[in-house]
Every structure is written in C-alpha cells, then in structure tokens.
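The sequence and model are shown first.

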Amino acid sequence: MSAALRIVLVGNGPVGARFVEELLPSVRSGAVTLTVVAGEETEAYNRVLVAEYAVGNTELESMLVGDRDTAEAAGARVLLGVAATSIDRERRVVVLSTGEQLPYDRLVLATGARANVPTLEGVERHHRDLASLERYGDRLVAHDDALPEGVTALRDLADAERVLEAVRGRRRIIVLGAGVLGLELALAAAHAGAQVCVVHHGPHPMPRNLDRGGGQVLRAALRRTGITVIAHSRAEAVGFRTDDDGTRRFDLLVTADGKQLRGDLLVLSCGVSPRNELATLAGLRTAVGIVVDPGLRSWTDPSVYAIGDCAQVVERTAELAGQRVLPGAPSGLIGPGWRQAAWLAATLAAEAAGEVTDAAGPAERDPIVMLKAEHIDVVAVGDLSADPFDDDALRPRRRVSQWADPEHLRYVKMVTEDGTLTGFVSVGMPRTAAELTLLFERRGELPADRSLLLRFDGPDYDPTEDAEAFAPATTVCWCNGVTVGRIEESAACGNTTVECVGRDTRAGTGCGGCKGRIADVLARAAEADETPSLTA
C-alpha cells in the first residue's frame, strides 16, 4: 500500500474551507493526510457577509462555512490561530509561527487578499516587494498594516466589530472608495441609522463595473437613501484628535481639492491585493497574484498550487514566461474560488488514488458583479464601454440597447454581438437583471425587440406564470451552481426556508444575491403542494 499523499493547506477562508470539505472523503479513507494552517482564531467564515455582520444584520453563526469538528473527526489537523511564516521548497516544508515545520507532498495556498491601504499622510503603509519582505519579513508576513484608532478596513471580524460599534452609536462614518463592498457597507450602515459619507476619486460609484448612465442612477439612489456622495475627490491626508484619555484618534479626512470631512470612523474600501508574501519569499512567480497555470499549479514549482483570491491563472507560454507583466488577475469573487477549490480537491484526491484527471481547471467567464442592498439592486457584467450611438461600421455585429428612468432610479443597458448578450448593467430592475443573467450564462440570444425584457419588472408581470424562470435546469445560485430543480428537491425533503435550503444545497451562502429568487422558488413549490410557505 502506497503512503498517503501529504497535503498542507495555508489559509482557511471560505475557499480553503470548501477545499477541506471536498477532500474529506480521501482523508477518511487514508489516501490523504491534510493539515490546515488557518491563521485566524475563528472557524472559517464567509467574508462576503462581513459588511452585513458589521451593521448587525447577521450573526457569526450564519456566516460560518467551515466545520472543524467534522474535519478533525475525519482525520484532518486544523491549526486555528497559527500562521505560516515561510516555505522551504527544497525540503518541502512549511514553517509555522509556533516554530513547527510541516512536511508536504502538495502545498495549496489559499491565503486570500488584504485590504489596500491608500497613500494618506498620517497612515502608515508598507510595501511588500521582495526587498521589503527580506528585510522586514517577520513584521509583514501574515500581518496586516496597523491602522490608527478610528481608521479601519473591512476584511475580517475584528474590522467588523469596530464598524458595528460606530453603527450602534449612530456615529459619522466616512467610507473611502465606492466599490461594491464599500457601497454595501455604506447602505447597510445608513439603513441602521448611522450618518454616512462616501468619498471617491472616480466620476461615479462602481466605476470599474458600471457605465456612466448606470453609475449616475446609482449615485442618485445613494443620495436618496441619505448618504452623502462626494465624487472626483482624491483623499490626501488624515487629521487626528486626542481624546480625554490621551488616545490619538481619527478626526477628519482631507482631500486634494481642499475639503475637510469630519467623522468618527474612516473605513478604507479601496480594493484588495492578494496575499503573496509567502510565495514571493519562497521564490514562486508572482504578478498581481500567485501565478498558476489553468491546472492551478504554480509556474515555478509543480508541488505548489494556489486557489481563490491569491491565484492568478495564466496559461504558460514561452512568450509570457519572459514577460514581467502578465495578463489577468484573481477574480476576487467567491463563486470562482469555490469552483477552483472543488476542482483541485477532486484532482488531488484522484492523484492520491493513482487516477489520471483533466489537467485544466474550471474555465470562468466574465464575473457577474452584484450590489446587494435594501431597495437598491445593481447587477453588471462584461464590457459596457460601447455607446448606443457608436459608428456601426467599426463594430458591425455589435448592438447596444439602453433604457433609463432616472426619476424612478431604473436603468438597463445591454450589449450584444450577433444578438448574443456579451455585457449588461441593470440598476433598480431586479427581475430584468435575473433574466439577463440567465441569458448571459447560457450565451442565449436576446429577443429582436429588446423592450420585451423590461416587462419582468412591469406592474403586470407575475413571476409564478413564467415557466422558463422556474424550469428545473434554470440556475438560481451562480456561486454554487444550484438549480431550480435542486431547490425544489430540497423543499420536498422539508427544507421550507431560505436558510434551510442554504444548509442543504449551499444556495444563497455565497454572495447572497440569489436569496430573493430562492424565496420565489419556495413560494411556488409551496403553492403547488398547497402547504404554507415560510421563506423568511
């Protein structure tokens, strides 16, 4: 009998937890020995929901995605609160913060990403290039930049607790950055009663995802919610005050155009960067993230893999191998990370069993970005730079349809090639967005009369009469690939709430943007059975 394949996983976020879950059958059988280096003291939780936790809208228990007891009962070793500090690739050993050295046959890096700290006078930030890591590695590896009192990012539970304190005290919160996470926090905090101001440098919110029309409608929606939005404003410095107890605390944000914005808490929401320090110090090829081939294997070392927010998938060619700058970047979304984790677990399980598998990991299309907030629905995907009035001679097969109702905060833009949807943005039109999402994923053609799609959010539309929306093969949860049929099966087994369906099928446990659709499916199933519907 051959020796078990020794696998060490560094990182225990939602992607790492999915990898563990999928690999447990091989651990139980003895084909694999698995050690998980978790870093945080807390069991693995869904970081996508940190903004919800930060305003008191969800509990930690409902965020948990890992199961340490089950993993350890299967034979895995889970090290909470222990960090990996270096990798010795020649000896195939991971060195831990405790001094222990873990030997491995296969090393999987699921180290995730950290919040970017922008250049602000008064806030210290560190470079993490090779020279800095070699000089200050003990301070930079497995550590985030220390932020002053009253300044926080929003990546973990400790960050969320600081925001929650400010929200409960109805204090003034300044959010720097207008990406998805920052806006979700701003909206949730405003609904909870906090005073919120969003400051960003771009022309409109979510500039990487929305075109001008969608961005302007979203900005109007934010302002109607009571949020102050300051665009075209670059932050330059942070001012402080000294409390009675001598604590130096954030007081104001100073912008390049002379604004001085006072607040009680500054939340940095300026994007994220992959945690590459371990890989960089170990001599692995890194670019934006840890560079891996489509099989998720490091370009540099065939025994090392990366998944999730730290993994940059690039097909290795002779031309690219010699370039300093590589195309692409980690997706930053939980759905692709989960699919990578499941695929890699299956691949390594097959290797441990002596089986041969496909060398390429799951292919991903452009990620669908959703802004989840009360009364504001935003969905976007693809290249939206095209204008309805562009010269058709330059792109004869491309067409752009646009519909706007700014007064009622509704907007839709659709871009097609030969009738097939290649990108769209929808603001304030949740059912139209759901239909467009289905068409985009299926590469389906749009109707010749695009206005027909607007009926889904019309006053006369009854979703229970739309057979296509409830066809068994229709996907409801894109993060986990859960269909209408699977949800109906779960409901038939007694799972009659969105939460129960999530525990049974994982639907709705990723970004959470599909919970309304899950509720619709459950309501329809309950009516068919003539039983009460409990979709809360």
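This is a predicted model: local features need pLDDT of at least 70, side-chain atom pairs count only at pLDDT 80 or more; totals for chains, interfaces and linings use all residues.

The pairing of β1 (residues 5–10) with β7 (residues 106–109) is parallel and comprises 4 bridges. Within it, Ile 7 stands opposite Arg 106, and Val 8 has Leu 107 as its bridge partner. The pairing of β7 with β19 is also parallel, over 3 bridges; here Val 108 stands opposite Tyr 305 of β19.

## The sheet and its helix

These strands belong to an open sheet of 5 strands, ordered β3-β2-β1-β7-β19, with parallel pairing. Its edges are β3 (77–79) and β19 (304–306), each of which pairs on one side only. From one strand to the next, the twist averages 15 degrees. In general, the strands of a sheet pair through backbone hydrogen bonds, in either a parallel or an antiparallel sense.

Helix α1 (residues 14–29) lies across β1, β2 (32–37) and β7, and runs at about 155 degrees to β2.

Nonpolar side chains tend to be buried together in soluble globular proteins. In this model, the largest nonpolar core has 74 residues, and Phe 19, Leu 34 and Leu 109 have the most contacts inside it. Helix α11 (residues 334–352) gives the most to this core, contributing 8 residues.

The surroundings of Leu 109 draw on several parts of the sequence. Setting aside residues up to four places away in sequence, Leu 109 touches Val 10, Ile 87, Ala 279, Leu 284 and Ile 290, as well as Val 304, Tyr 305, Ala 306, Ile 307 and Cys 310.

## Cysteines

A disulfide is a covalent bond between the sulfur atoms of two cysteines. How many disulfides does a search of the whole structure find? The search finds 0.

Cys 477 illustrates this result. Its closest cysteine sulfur, in Cys 514, is 4.0 Å from its own sulfur, which is too far for a bond, since a disulfide requires sulfur atoms within 2.5 Å. Cys 477 has 2% relative accessibility and therefore counts as buried. Cys 310, one of the residues that Leu 109 touches, has 0% relative accessibility and so counts as buried.

Note on methods
Residues are numbered from 1 along each chain as its sequence is written. Side-chain values use heavy atoms; hydrogens and water are left out. Two strands pair if DSSP finds at least two bridges between them. Helices (H or I, at least four residues) and strands (E, at least two) are DSSP runs, numbered from the N terminus. Axes are lines fitted to C-alpha atoms, for helices over the stretch in contact, and angles run from 0 to 180 degrees between N-to-C directions. Contact means heavy atoms within 4.5 Å. A nonpolar core is a set of buried Ala, Val, Leu, Ile, Met, Phe, Trp, Tyr and Cys residues joined through side-chain atoms within 4.5 Å. Buried means under 20% relative accessible area, exposed over 50%, partly exposed in between (1.4 Å probe, protein chains only).
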